[in-house]
Amino acid sequence: MVVITCLANVAAQVGVGRIMSGSKFHFPVGQPELPAPEELRWRVALIEKALASLEARLEEPKIF
Amino acid sequence: MIKVLHYLNQFFAGIGGEEKAGQEVLFLSQPVGIGSVLENAFKAHGVAYATIACGDNYFHEAEENALRAIGAAIDQFRPDIFLAGPAFNAGRYGIACAKVCSWVRDNWRIPAITAMHEDNPGTREIGRHVFVLQTGASAASMQDVLRRYSLLVERLIAQDQKAIEDFRAEYCLAIPRRFTIRTDKPDYVRAADLLLARLSGQSYESEIPRIETQAHTVPNLTVSLAEATVALVTEGGLVPKGNPDRLESSRGSRYFKYSVHGRSDLKHGEFEAMHTGYDTSTVDRDPDRLVPLDAMRVLESGQRIKKVHDQYFVTTGTGAMPSKMAELGAGIAAEIAGAGIDAVILTAT
């Protein structure tokens, strides 16, 4: 599991293993100032990064 | 000689079941039911034991009258210790026990002890200084609970403050509530004192208790992503428009799963966020900004992952008790483990 959040310190405090910083806390995987097609491209890149974090072999918690 | 007054509902007072829930406040100058067990436990001290019986419905429908009658009984009997319950997971009884104990403690300054399960809604009504013994969800834990009442009463009689606080830490529910207390120094002075103590290497104790968390092992993928089913989870409160299951907008007590089968993205007007912890308008305009189904579909069709799970999981994380969230998380995790899901992307607001 990877948690995408803007409150990485809170996620770390409660013991989450994989943490990734999101965009804004009230839209963690959004970029509303971009035109829709670009926002989707941006989001695909963000989720690709999240998938890469899932592929990383971890022993200890990490913030990506 | 100590005087104990024990509040029981109509059922535990042996008056009757639901059909007697309208019973008015009754003062009985002897122990009743489980009170007899406790009276026996205190015998060595010499004890006068009396009982207040009150119907669960009566208390809620006529709270003011009920409290007035209970107050009259207290003024007449003058107890040293007030007991109520145990209420286990009975909601009306738990709320009554919590309110009566808080009211008695505040007005007569005598120790007040009740007992209930941590999920009992009565825990929200507990006032400062009331002891709330932790119980199981049902009366199956009665024997242990009665032992704990008597253990605590023994310590109160002995006035052993350390033993009382040790007992509280071990057997009482920690009720995380805000209380108004008066202090000699304003908060900015206390905060500066804490900082100075820390900087100068002196010992200090924060006024805000830390939430202790367990260390978890970090799970790694057991299949390649190209073979993986990935589920989306959020605490951001995203539900189908109209919130058909009435997910709470704060203090979520349940989680739900909603189908994304056949959808390429989550459309404005079809889903909305129920969450008082953030401004939901940006998510409402495009719910993929919270639950990124559109991006997942792109990666699915590009065969970066095998499949997006057909449902996303959701609860509301704001204002919630960590213990409740841990329980919901365990429920979601169990479903995920049973559904052949290999990985999860969880978005948190």
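This is a predicted model: local features need pLDDT of at least 70, side-chain atom pairs count only at pLDDT 80 or more; totals for chains, interfaces and linings use all residues.
Reader: Why are strand 2 and strand 6 of chain B said to stand at the edges?
Author: The open sheet has six strands in the order 2-3-1-4-5-6, with mixed pairing. Strand 2 (26-28) and strand 6 (131-134) each have a single partner strand, so one side of each lacks a neighbour in the sheet. On average, neighbouring strands of this sheet are turned by 20° against each other, direction ignored.

Reader: Which helix of chain B lies across strand 1, strand 2 and strand 3?
Author: That is helix 3 (residues 63-77) of chain B, running at about 165° to strand 3 (47-54). Helix 4 (residues 91-108) of chain B also packs on the sheet, touching strand 1, strand 3, strand 4 and strand 5 (112-116). The direction of helix 4 makes about 165° with that of strand 5.

Reader: How do you know that strand 1 of chain A pairs with strand 13 of chain B?
Author: The requirement is at least two bridges. Three bridges link strand 1 (residues 2-5) of chain A and strand 13 of chain B in the parallel sense, so they count as paired. The bridge partner of V3(A) is L346(B).

Reader: How many residues of chain B are in contact with chain A?
Author: There are 31, facing 33 residues of chain A. Those of chain B divide into 18 nonpolar, seven polar and six charged.

Conventions. Residues are numbered from 1 along each chain as its sequence is written. Chains are lettered from A and ligands numbered from 1 in the order in which they are written. Helices (H or I, at least four residues) and strands (E, at least two) are DSSP runs, numbered from the N terminus. Axes are lines fitted to C-alpha atoms, for helices over the stretch in contact, and angles run from 0 to 180 degrees between N-to-C directions. Two residues are in contact if their C-beta atoms, placed from the backbone, lie within 7 Å. Ala, Val, Leu, Ile, Met, Phe, Trp, Tyr, Cys and Pro count as nonpolar, Asp, Glu, Lys and Arg as charged, and the others, Gly among them, as polar.
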